[in-house]
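The following questions and answers examine a single protein model. Please consult the sequence and the structure shown here while reading.

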Amino acid sequence: MIKERKGSLSEVAAEYVRDQILKGVLHQKEKIVENDIAVELGMSRGPVREALKQLKYEGFLDYETNKGYSVSMLSPKDAYEIFYLRGNLENLALNRCGGRLLSDGIFLMEDAVLAMKDAVAAGDLPLVIKYDEIFHKQIMISGQMERLTHLWESLSPLNGAMFYTIEQINAYVAEKQLPFDHDDAAARDGRRGNNYLEHKWLLNILKQSNLERSVDAINTHYIGNGERIYRIGMKMENQDLFL
């Protein structure tokens, strides 16, 4: 039973199940038993039911009539769309500020990258996601358009599921020992699959305040990765590794 609770009971339940998935305690296609979670957390089934609906919206769970909820992954198409939209929204913000990020934003990004290094070393994916969100939000804030930032934030609930999908796909690539493309600089540099090194690389470019280079880096980070995830995800889907 969780002793300290922040937020509503449904939020507590959602955070619990989300962390269990991200930390690998619950696995892809594993059935989620509503009553078991309620007993574990010492709450009624109502908040757990609401939490599972939220996690389905976030892309972590799938639901089938008469079968209930099970751990899912974003489809290759959905994962690509999230990469594409986030990348383009951040590029809009970069264009608004001419590639010059706010000074306090850069400080927060530097702190986030350092914290991400420890989170990656500890294998704490929920923390990696937290610092990724802090890092990228500074790009949006630098654009100084509240509605643009709100649009970007509307995709945030799907960020965790996107990370989970990437983790599963990277594990698949490692297991199958798939070769990387000759032009895959991230793989050659060791950034592929290492969120700390990827964001360190990205921050070094963003700090140069060169709009063209910054936009290219964001495109590589998001859209290039999205295309890679889509291609590999389709292979996994054809092998029935996706739900």
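Q: How much space lies in the second largest pocket?
A: This is a predicted model, in which local features need pLDDT of at least 70 and side-chain atom pairs count only at pLDDT 80 or more, while totals for chains, interfaces and linings use all residues. Residues are numbered from 1 along each chain as its sequence is written, and side-chain values use heavy atoms, with hydrogens and water left out. A pocket is found on a 1 Å grid over the protein atoms alone, as an open set of points where a 1.4 Å probe fits, with protein on both sides within 12 Å along at least five of seven lines; its volume is the space filled by probe spheres set on the points, which are joined across faces, edges and corners. For the second largest pocket that space is about 400 Å³.

Q: Which residues lie closest to the centre of the second largest pocket?
A: A lining residue has an atom within 4 Å of a grid point. The second largest pocket is lined by 16 residues. Those closest to its centre are R18, P126, I129, K130 and G160.

Q: Which element gives the most residues to the lining of the second largest pocket?
A: Helices (H or I, at least four residues) and strands (E, at least two) are DSSP runs, numbered from the N terminus. Two or more lining residues come from each of α1, α6 and α8 (159–176). The element that gives the most, with 5 residues, is α6.

Q: How many charged residues does the lining of the second largest pocket have?
A: Asp, Glu, Lys and Arg count as charged; Ala, Val, Leu, Ile, Met, Phe, Trp, Tyr, Cys and Pro count as nonpolar; the others, Gly among them, count as polar. The lining has 5 nonpolar and 3 polar residues. Its number of charged residues is 8.

Q: What pattern does the protein chain follow along the sequence?
A: The protein chain has 11 helices and 3 strands. Read along the sequence, their pattern is α-β-α-α-β-β-α-α-α-α-α-α-α-α.

Q: What is the radius of gyration of the protein chain, and why does it agree with a compact globule?
A: The radius of gyration is taken over C-alpha atoms, and the globule rule is 2.2 Å times the number of residues to the power 0.38. The C-alpha trace spans about 55 × 40 × 30 Å along its principal axes. For 243 residues the rule gives a value near 18 Å, so the chain agrees with a compact globule at 19 Å.

Q: What share of the contacts with a separation of 6 or more comes from residues 24 or more positions apart?
A: Contact means heavy atoms within 4.5 Å. Among contacts in the protein chain with a separation of 6 or more, the share from residues 24 or more positions apart is 72%.

Q: Is N195 buried or exposed?
A: Buried means under 20% relative accessible area, exposed over 50%, and partly exposed in between (1.4 Å probe, protein chains only). N195 is placed in helix α10 (residues 195–206). Leaving aside neighbours within four places in sequence, N195 contacts M116, V120, V128 and F163. With a relative accessible area of 18%, N195 is buried.

Q: Which residues does S156 touch, not counting those up to four places away in sequence?
A: S156 is found in the loop between α7 and α8. At 18% relative accessibility, S156 counts as buried. The residues that S156 touches are R86 and E133.

Q: Why is the pair of Y80 and Y230 classed as it is?
A: Rings of Phe, Tyr and Trp (its six-membered ring) pair if their centres lie within 6.5 Å; planes under 30 degrees apart count as stacked, over 60 as edge-to-face and the rest as tilted. The centres of the Y80 and Y230 rings are 6.3 Å apart and their planes are at 65°. The pair links distant parts of the chain, Y80 in helix α4 (residues 76–96) and Y230 in helix α11 (residues 211–238), 150 residues apart. Given the angle of 65°, the pair is therefore edge-to-face.

Q: Is Q144 buried or exposed?
A: Q144 has a positive phi of about 55° although it is not a glycine. Most residues other than glycine have a negative phi. Q144 is found in the loop between α6 (125–142) and α7 (146–153). With a relative accessible area of 61%, Q144 is exposed.
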